[in-house]
Every structure is written in structure tokens, then in C-alpha cells.
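Hi everyone, thanks for coming. Let me put the structure up on the screen, and then we'll walk through it together.

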Amino acid sequence: MATTREDEKHMKIALGLARRGLGMVAPNPAVGCVIVKDNLIVGQGFTQRGGRPHAETVALAQAGDRALGATAYVTLEPCSHTGHTGPCAQALITAGISRAVCATGDPDPRVSGRGFDMLRAAGIRVDVGAGQVEAARINAGFFLKVREGRPLFTLKMASSMDGRIALANGESKWITGPEARACGHLLRAQHDAILIGVGTALADDPALDCRLPGLEDRSPTRIVLDRRLRISADSTLVETARNIPTLVLCQSADAQKQQRLESAGVEVMQLNDLSDMMSVATALGERGLTRVLVEGGGQVHASFLKSGLADRVEHFTAPKLIGGDGKAMTADLGLASLGDALHLTCKSIRPLGADMLASYEKPE
């Protein structure tokens with residue numbers, strides 16, 4: 001049965017709920033669920049912090065007996081396996097829903113089609129496809145982790161019109177205005193982790209937290225690429241490591257320095273080759289991360305661009321000109337011709353106060 005205009009309306013609500021889980025449900029997907037009976041919403045929910053309870057469980061608890069004979073709108077195929085909780089497909093069956101409208105399937109091999117099969121075997125009509133494009137976009141990071149073993153990487157860049165992120169003397173506060181900075185903090189809240197290079201950590205001593213009112217508890221894991229473990233033990237990142245998870249990736253480490261950092265609450269992980277960005281990506285995927293916001297600096301951005309791991313770019317542009325002696329947004333990419341340049345697809349452009357935000361994605 002084809003989905004209807006009403007289906008699209010209710011799925012849009014479910015997708016909005018799913019987005020609320022971004023940045024706090026890893027390694028699970030961000031899912032939204034709406035229970036509708038007689039064209040009235042009787043239950044709704046989204047996957048909670050840490051990945052449970054799942055969206056369907058929350059929505060069914062709210063619906064109660066009203067779920068009998070209702071339609072469930074779910075942004076991802078209901079799980080069919082028992083993990084920390086029972087299968088959501090079975091919960092929907094037990095509640096007595098008569099129809100399930102699902103946006104897209106789940107590529108996790110433990111689910112992949114089995115959730116739909118369970119529902120159909122129980123006599124529940126299943127329709128798939130309403131809101132599919134947006135559902136896949138919301139969980140692109142989860143899908144990448146399942147299929148490629150790595151998270152989705154979004155490069156966040158804030159520059160002048162001529163692509164500069166700082167003056168020649170290093171001054172960079174503030175290139176963009178308060179609206180753009182607030183949007184940047186929202187991006188932090190929607191990601192599992194923020195990644196920077198040690199150069200940025202040493203130069204700026206950032207906190208890398210989320211300071212939006214009401215979202216202060218959504219600060220993601222902070223990650224620093226630090227080949228020789230140069231980060232200062234007195235830095236803000238280290239001093240706040242017991243409050244916000246902090247991971248330093250290095251190649252070699254002085255044992256005494258590593259012990260000092262770890263005693264402050266920092267996790268130190270050694271990799272064989274920190275210049276191998278795919279190894280970095282795999283290590284982060286193995287930790288369950290699905291969405292990582294790369295905040296720089298220019299060398300780190302260039303490394304992700306050259307390795308083909310820059311899945312999305314959020315570029316904030318201020319109406320300022322700094323000049324050729326300013327610090328570039330990215331380091332050299334080593335291109336031999338324009339044909340070798342990375343081509344991105346612009347998805348949207350919108351004003352933020354005096355600044356502009358252009359959102360790009362890597363072509364499929």
C-alpha cells in the first residue's frame with residue numbers, strides 16, 4: 001500500500017523527534033516514533049541518552065492501551081534482536097498495532113529486514129519509504145559505522161570571505177558573529193565528538209563544550225590528534241577532563257606525561273600512524289562514535305579532505321577580508337590540477353546575522 005499525505009505528515013513529526021537524539025545516542029541510531037490512532041497522536045518518543053530506551057518503547061509507554069489497532073510511524077526499521085532491551089518489533093506486536101510505517105531499513109546485519117519480517121509474520125501491515133531520504137540523512141553516521149566501520153565526519157570551518165581563519169599574528173576572535181557561534185555550538189550538541197589538532201589546542205586553549213542555554217549537558221567527547229603528546233597538562237581540556245570525556249590520540253608518549261594526563265581523567269590512545277586518517281577513523285568507529293565534528297585547524301582539515309573522509313562541510317563565512325598574509329582555512333592539499341580538486345554538493349545556504357552558513361556534502 002502506498003503511503004498517504006497523512007503518512008508523510010506523521011513521519012515528518014517522527015523525523016523531528018529523531019533529530020533530538022543526535023549527539024547523545026551513539027553507538028545506536030537516532031530514531032523517532034509516533035503512534036497514531038483515529039488520526040490522533042496517542043504516543044511519541046525518541047531514542048534516549050546512551051541509546052535506550054528505544055523510541056518505540058518510549059512511544060508505546062505513552063500510548064498505553066491506545067496502541068491497540070493504531071499505526072506506528074518509525075524512522076528506522078524496528079530492531080528484531082535482544083540487546084540491552086527486548087526487540088522493538090516484538091514490543092509493537094505485543095502492543096497490538098495494526099500497521100507500521102517505516103522510513104527506511106536498518107543495515108545492521110542483526111536487523112536488516114528481520115524487523116519487517118517479524119511484523120508481517122504477526123499480521124501487521126508494513127509500508128516502507130515515507131521520509132526515507134531524510135531518515136537516511138539523519139542516521140548517515142550510524143549507517144557509515146555499520147557499513148564501513150567509521151563515523152561520519154563533518155568539517156566545521158569559519159572564515160573571512162577570502163578563506164582566512166586568523167590574522168598573520170594569530171588573532172582569530174571573533175571572525176564570525178554571535179549567531180554563527182551559537183549555530184556552531186548547536187552542531188557540537190548534535191555530534192558524538194569534536195576533533196581538533198594539537199596545534200589548535202596549544203594556540204587557543206579551547207574548552208570545546210556546548211554553551212547553549214539548556215544544552216550544557218550535551219557537550220560531546222573532545223578528541224585531540226597529538227602525535228608526540230604535546231598537550232599541556234594545565235590546559236582547559238585536561239583540567240575539565242573529569243567533567244567532559246577527553247581522548248588524546250598519539251603515536252608516541254612519554255610515560256610520565258601520559259600518566260599525568262590519565263590521572264587527570266584524560267584517555268590516551270596510541271596509534272601506529274596518526275597521519276593515516278583511515279586508521280584514526282577506524283579507531284573512532286570501534287569506540288562506537290557515529291558523528292564527529294572536525295573543528296580544525298587547517299592541517300587537520302586538509303588531512304580529512306585529502307583522505308576523502310570529509311563527508312560534510314559546514315562553512316561559516318563572515319563579511320570580512322583579511323588578506324593573503326592571514327592564516328588559511330586549510331593547509332596545502334597538494335593538487336596538481338583543478339581536476340583533482342574536491343567537489344562538494346551545496347545543500348543549503350542561509351544567513352546567520354551578518355554571516356552566512358553554507359552546508360556541503362560529498363557527492364554520492
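I'll begin with a term: accessible areas here come from the Shrake-Rupley method with a 1.4 Å probe, and for residues only the protein chains shown count as cover. By that method, the protein has an accessible surface of about 16,700 Å², and 50% of it belongs to carbon and sulfur atoms.

Two notes on where this comes from. What you see is a predicted model, in which local features need pLDDT of at least 70 and side-chain atom pairs count only at pLDDT 80 or more, while totals for chains, interfaces and linings use all residues. Residues are numbered from 1 along each chain as its sequence is written, and side-chain values use heavy atoms, with hydrogens and water left out.

Now the overall picture. The protein has 12 helices and 16 strands; these are DSSP runs numbered from the N terminus, helices being H or I of at least four residues and strands E of at least two. Its radius of gyration, taken over C-alpha atoms, is 22 Å, close to the 21 Å that the globule rule gives for 364 residues, so the protein is as compact as a globular protein of that length. That rule is 2.2 Å times the number of residues to the power 0.38. Buried residues make up 50% of the 364, where buried means under 20% relative accessible area, with a 1.4 Å probe and protein chains only.

Let's turn to an open sheet of five strands, in the order β2-β1-β3-β4-β5, with mixed pairing. Two strands pair if DSSP finds at least two bridges between them.

Have a look at Gly 43 in strand β2. Gly 43 counts as buried, at 0% relative accessibility. Beyond its neighbours within four places in sequence, its contacts include Val 34, Ile 35 and Ala 59.

The other sheet I'd like to show you is open too, with nine strands in the order β11-β10-β9-β8-β12-β6-β13-β16-β15 and mixed pairing. Here β11 (267-270) and β15 (345-352) are the edge strands, and the twist averages 20° from one strand to the next. β8 and β12 run parallel, joined by four bridges, and Ile 194 stands opposite Leu 293 in β12.

Finally, the inside. A nonpolar core is a set of buried Ala, Val, Leu, Ile, Met, Phe, Trp, Tyr and Cys residues joined through side-chain atoms within 4.5 Å. Which members of the largest core touch the most others? Among its 27 residues, they are Leu 195, Leu 249, Leu 284 and Phe 304. Helix α11 gives the most to this core, with five residues. Leu 284 is in contact with residues including Phe 153, Leu 195, Ile 223 and Val 292. A second, separate core has 24 residues, among them Val 31, Ala 55, Leu 92 and Leu 119.

Conventions:
Contact means heavy atoms within 4.5 Å. Axes are lines fitted to C-alpha atoms, for helices over the stretch in contact, and angles run from 0 to 180 degrees between N-to-C directions.
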